[in-house]
Amino acid sequence: LSELLGEDIKIESILESESNKQTINNKMNQVDVLVQNSNGELVIIEVQSNYTHDFLMRMLFGTSKLVVDNMDKGMVYSEIKKIISVNLVYFDLGHGEDYIYHGTTNFVGVHNKDILSLSKQEQVLFKAEQVKKIYPEYYIIKVNKFYDIAKNTLDEWIDFLKNETVKEGSKAKGLTEAKEELDKLKLSKEAMMEYERDLTIWRDNESVMSSKFLAGELKGEAKGI
């Protein structure tokens, strides 16, 4: 998301996760994650592996429900949060040759073909300069359409999502951490237990060392006084 939206993203919460399994082979289910960015906008991420003919309407439902669910009683319309819908699909959704699609809402004049803009007062109210910045926007990433040649850091992430590998020299934010998590998910049950055991031993040793160090500091401080 940081690479897609061009800003550091703060994860606020997870809405629901039907595929939070212990093995990497479970790509059949959907994953919904709710993220809040530095502008207070809500980003919903959906991963869909199986083809569904009504997925485009499902995207609409997801953003609409998120708008309603985040409205409190007495809340004025100007406080409605901006929603960004990011959809990672592992099937050929719609008809198109690209692997990244971006959709926004604009109002175009029927006669003059001009794009409706916000007045100065509306810009102050909505903290935005354009109409499309206050309405939901959509990203569709057709993972299987990616041609395995990463031209930028966003491509590095899509390559990872498709091939589950990180090429040497990759610079995308968060990619190294994601690879570490993926490597853990690929471990066998026995290897995972050994990994957890080693991690526990390491933590215990670190705790003992830090405790002794602190005790030594306090003893030295008391002696100095």
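This is a predicted model: local features need pLDDT of at least 70, side-chain atom pairs count only at pLDDT 80 or more; totals for chains, interfaces and linings use all residues.

Reader: OK, which residues touch the most other members in the largest nonpolar core?

Author: Leu 4, Leu 5, Val 43, Ile 45 and Val 86, out of 18 residues in that core. A core here is a set of buried Ala, Val, Leu, Ile, Met, Phe, Trp, Tyr and Cys residues joined through side-chain atoms within 4.5 Å, and buried means under 20% relative accessible area, exposed over 50%, partly exposed in between (1.4 Å probe, protein chains only).

Reader: Which element gives the largest share of this core?

Author: β4 (83-89), with three residues. Helices (H or I, at least four residues) and strands (E, at least two) are DSSP runs, numbered from the N terminus.

Reader: And what's in the second, separate core?

Author: Seven residues, including Phe 55, Val 89, Tyr 138 and Ile 140.

Reader: Switching topic: what's phi like at Lys 113?

Author: Phi of Lys 113 is near 65°, a positive value in a non-glycine residue. Most residues other than glycine have a negative phi.

Reader: Where is Lys 113, and is that residue buried or exposed?

Author: Lys 113 is in the loop between β5 (100-103) and α3, and is exposed at 59% relative accessible area.

Reader: What about Glu 164?

Author: Phi there is near 60°, also positive. Glu 164 lies in the loop between α4 and α5 (175-185) and is partly exposed, at 22% relative accessibility.

Key: Residues are numbered from 1 along each chain as its sequence is written. Side-chain values use heavy atoms; hydrogens and water are left out.
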